[in-house]
Amino acid sequence: MRLDYFLAHSTGLSRKQVKALIGRGEVQVEGEPRPKANTRLASGQGVWLRGEPLALPGHRYLMLHKPAGVVCSTEDPEHRTVLDLIPVELRRDLHPAGRLDRDTTGLVLLTSDGDWSHRLTSPNHQCAKRYRVRCADPVSDGDLQALRDGVLLRGEEKATLPAKAERVGESELLLTITEGRYHQVKRMLAARGNRVVGLHREQIGAIVLDAGLAPGEYRALTEEEIASL
Ligand code: URA
């Protein structure tokens with residue numbers, strides 16, 4: 001995409017006004033000391049107007065393959081955040097819709113649309129989330145049935161809602177839950193005397209983590225994916 005097109009669409013200014021801004025040196029482009037109107041922007045290349053990052057208008061909806069060690073928040077004094085993995089010009093108002101623990105990997109949805117993320121995270125909507133869970137110890141038939149029926153988490157009074165649980169290895173299962181309680185999956189397995197040693201989210205509602213995304217990579221959601229939630 002050409003710089004003048006990007007600027008016109010992200011600021012609402014005319015091409016003539018945009019050219020004037022570039023001419024006055026008020027536009028900065030990552031890695032381009034002297035940007036011109038016809039400079040071609042690479043995907044993810046940051047653009048600033050008088051030091052403020054610019055983004056194309058309209059809400060943004062992204063899926064990210066979260067690597068371990070990254071936190072699901074917009075800022076953190078100590079750790080890299082999911083936003084640090086997204087180019088600066090896409091970050092405005094972007095937030096993760098729901099959280100994963102720092103050591104959990106997999107599907108995170110990010111959006112600038114607060115209503116959309118509310119639908120996804122609100123307990124009323126009971127959006128299903130599927131996790132691949134690796135446990136320290138083997139998972140028994142009794143464990144599977146208990147997880148399906150609902151288990152009482154330590155310190156809580158209400159059992160978890162019915163879940164789907166399918167064993168895919170002696171100590172590995174696919175668990176689909178519709179709530180989002182604090183550390184829920186780890187605490188569900190702890191309630192069965194087991195311990196989670198690896199947790200990976202594969203799916204939220206109808207949105208499946210794209211197998212083409214390596215850890216740390218993201219892509220825009222399709223219209224269909226956005227509408228599915
Ligand atoms: N449940 C957990 O315990 N951790 C997560 O990151 C997600 C669900």
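**Layout, sheet, ligand**

Mentor: The C-alpha centres of domain 1 and domain 3 are 49 Å apart, with bounds from an automatic or database domain assignment. This is a predicted model, in which local features need pLDDT of at least 70 and side-chain atom pairs count only at pLDDT 80 or more, while totals for chains, interfaces and linings use all residues. Residues are numbered from 1 along each chain as its sequence is written, and side-chain values use heavy atoms, leaving out hydrogens and water.

Trainee: Which residues belong to which domain?

Mentor: Domain 1 covers 3-53, domain 2 covers 61-121 + 215-227, and domain 3 covers 128-204.

Trainee: What order do the strands of the open sheet have?

Mentor: The order is 1-2-3, with antiparallel pairing; strands pair if DSSP finds at least two bridges between them. The edges are strand 1 (27-29) and strand 3 (52-53), each pairing on one side only. Strands are DSSP runs (E, at least two residues), as are helices (H or I, at least four), numbered from the N terminus.

Trainee: What packs on that sheet?

Mentor: Helix 1 (residues 3-11), which touches strand 1 and strand 2, contact being heavy atoms within 4.5 Å. The direction of helix 1 makes about 55 degrees with that of strand 2; axes are lines fitted to C-alpha atoms, for helices over the stretch in contact, and angles run from 0 to 180 degrees between N-to-C directions.

Trainee: Switching to the ligand: which residues surround it?

Mentor: L100, D101, T104, Y131, H183, Q184, V185, K186 and L199, each with a heavy atom within 4 Å of the ligand.

Trainee: Which polar backbone atom lies 3.1 Å from a ligand oxygen?

Mentor: One of K186. A backbone N or O atom of H183 is 3.2 Å from a ligand oxygen. For these polar contacts, the N or O atoms are within 3.5 Å.

Trainee: And strand 8, how many bridges join it to strand 9?

Mentor: Five, between residues 164-169 and residues 172-177, running antiparallel. The two strands form a hairpin with two residues between them, and E166 stands opposite L174 in strand 9.

Key. A polar contact is a pair of N or O atoms within 3.5 Å; within protein, one must be able to donate a hydrogen and the other to accept it, and residues adjacent in sequence count only if both atoms are side-chain atoms.
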